[in-house]
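Open the model in your viewer and keep the selection panel at hand.

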Amino acid sequence: MGLLDRVKQNQTVPPAGPTGNGPAGTATLPGATPYTPQAPVAQPAAPTPAAPSLSQRAGAVGAELTPAFTAAKVQIHSKLIEKFADEIDSSNKAGVREKILELAEEYFRSTAMTMTKNDKERLVDSVLDDVLGLGPLEALLADPSITEIMANHPKQIYVEKSGEPILSSVTFESERQMRQVIDRIVSLVGRRVDESTPICDARLKDGSRVNVVIPPIALKGPALTIRKFAKEKWGPADIVNRFKSSSPEIMTFLRSCVRARLNILVSGGTGSGKTTLLNILSSFIPENERLITCEDAAELQLQQPHWIQLESRPPNVEGKGAVPIRELVKSCLRMRPDRIIVGECRGGEALDMLQAMNTGHDGSMSTLHANNPKEALVRLETLVLQAGQDLPSRAIRETIGSAIHLIVQQSRLRGGIRRIVSVAEITGIKDGDVQFQELFTFKQVGVSAEGKAVGYHTGAGILPMRMEHLRAEGEDVPEQIFAPAKQPSPDKLY
């Protein structure tokens, strides 16, 4: 499609009322709390306008679009591409913004159009976000309190704040604009999404995970989900003291297990914090060890210098060239790793991971979708069967029993809070089944006035069977951390 055709189509103003895709962006669904960004704050005049603050941009995106505003934006955008297409440098955001400001002033003079200062800033920022960023999503991505962005269709975008989904006032101008943003995201990582491949997983530059579903699979229009990557590096102290996801005793024990090269499986549901916990556990690995990570979409952020990061690849347009995680795991076995970290086991790569754990790659880790340690073992056995090796169940269970040493169960409880709810040790095989014992649990005792689950972590009163191994590796784990804890007073529950 040529530039002129795109400009003409973009001049079509989206309807102000509800469309067939659902309610308008400013409507509030039943049970939803509207998210309204802060209003713009007036800035003193300056010779060179500075970039607006987060609150200004968020308020601007949420403002109502008028036909005049939309027409001005389309014309300025097309002029920018026509005059400065070869001069646009994505690394020089301030320079591009100045060019847009010049074209805006020129447009106002030629059309005798008047705008308030705030509307002019909003217009310039909107064009800048379309040219260099992700359009209306830029303000949501910049808001540190938002952890997930869920665009159900162009006119309905939810955000997650403090673990709760909230309907945002931000919307796309049209389905075409949303498709342009989607194409920009997937093209950055060499992937594609079209009618023949309507589902795609990708990532942003900062590591945020992106999932895209478009028609004909998505009936109401393109659906986009972004799980934001935390810009600040979270460490063990954060999940113990700040988020209360773990107790100091659990973190002390897990640190010793990682350093003693025990194989750990992090289990949990969607959005329970498995990858975050895996990042934190990996921070305990000594820096002199060679690490290789295998992921579908690169999310892990290890701190060690001796680290190789591998990412799977989908098939090309001809349906060839796919590199699944299983091939990555097989390949990294020839790369002399000390530890292998598989971002998530969801298929036949589970067999290769277990074999690696049993053949000299102690201390390896992975994540798995399951609701509790028992279900994690059942699911792991199911995934091994997907490898197509036609192995008997007893052989699979014996492999699991000898390869996995620890299962750390992470859960998302009522109110959106995330907790380590169980730490279970695999003890071996008995009567053909994999046996385990819980060492730590989280006991939920109620719900707070804000509707969030509250409870406390406690030991199960059982010593790990690998205590001697931990001590032999130089990890002196105090036995008293496994003792059961008394229920604290209501003001000390978390």
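H13 passes H14 in a right-handed crossing. The model is a predicted one. Select residues 373-385 for helix H13 and residues 393-403 for helix H14. Their axes come within 10 Å and cross at roughly 120°, which makes H13 oblique to H14.

Now show the side chains at this contact. On H13, pick Leu 377, Leu 380, Glu 381, Val 384 and Leu 385; they meet Ser 393, Ile 396, Arg 397 and Ile 400 of H14. Sorted by class, the contact holds 6 nonpolar, 1 polar and 2 charged residues.

**The buried side of H14**

Stay on H14 and select Ile 396, Ile 400, Gly 401 and Ala 403, its buried residues. What do they pack against? The partners are helix H12 (349-357), H13, E14 and E15.

**The largest nonpolar core**

Next, select Phe 253, Leu 254, Ile 264, Leu 281, Val 423, Phe 440 and Leu 470. These have the most contacts inside the largest nonpolar core, which has 34 residues. Elements giving two or more residues to this core include strand E14 (418-430), strand E15 (433-447) and helix H9 (248-259). H9 supplies the largest share, 6 residues.

Center on Leu 254. Leaving aside residues up to four places away in sequence, Leu 254 touches Leu 281, Phe 284, Leu 406, Val 408, Ile 420 and Val 423.

Last stop: select Cys 332, Leu 383, Ala 387 and Ile 404, which are among the 32 residues of a second, separate core.

Notes
Residues are numbered from 1 along each chain as its sequence is written. This is a predicted model: local features need pLDDT of at least 70, side-chain atom pairs count only at pLDDT 80 or more; totals for chains, interfaces and linings use all residues. Side-chain values use heavy atoms; hydrogens and water are left out. A nonpolar core is a set of buried Ala, Val, Leu, Ile, Met, Phe, Trp, Tyr and Cys residues joined through side-chain atoms within 4.5 Å. Buried means under 20% relative accessible area, exposed over 50%, partly exposed in between (1.4 Å probe, protein chains only). Helices (H or I, at least four residues) and strands (E, at least two) are DSSP runs, numbered from the N terminus. Contact means heavy atoms within 4.5 Å. Axes are lines fitted to C-alpha atoms, for helices over the stretch in contact, and angles run from 0 to 180 degrees between N-to-C directions. Angles under 35 degrees count as roughly parallel, over 145 as roughly antiparallel, 65 to 115 as roughly perpendicular and the rest as oblique. A crossing is left-handed if the near helix is turned anticlockwise from the far one by less than a right angle, and right-handed if clockwise. Ala, Val, Leu, Ile, Met, Phe, Trp, Tyr, Cys and Pro count as nonpolar, Asp, Glu, Lys and Arg as charged, and the others, Gly among them, as polar.
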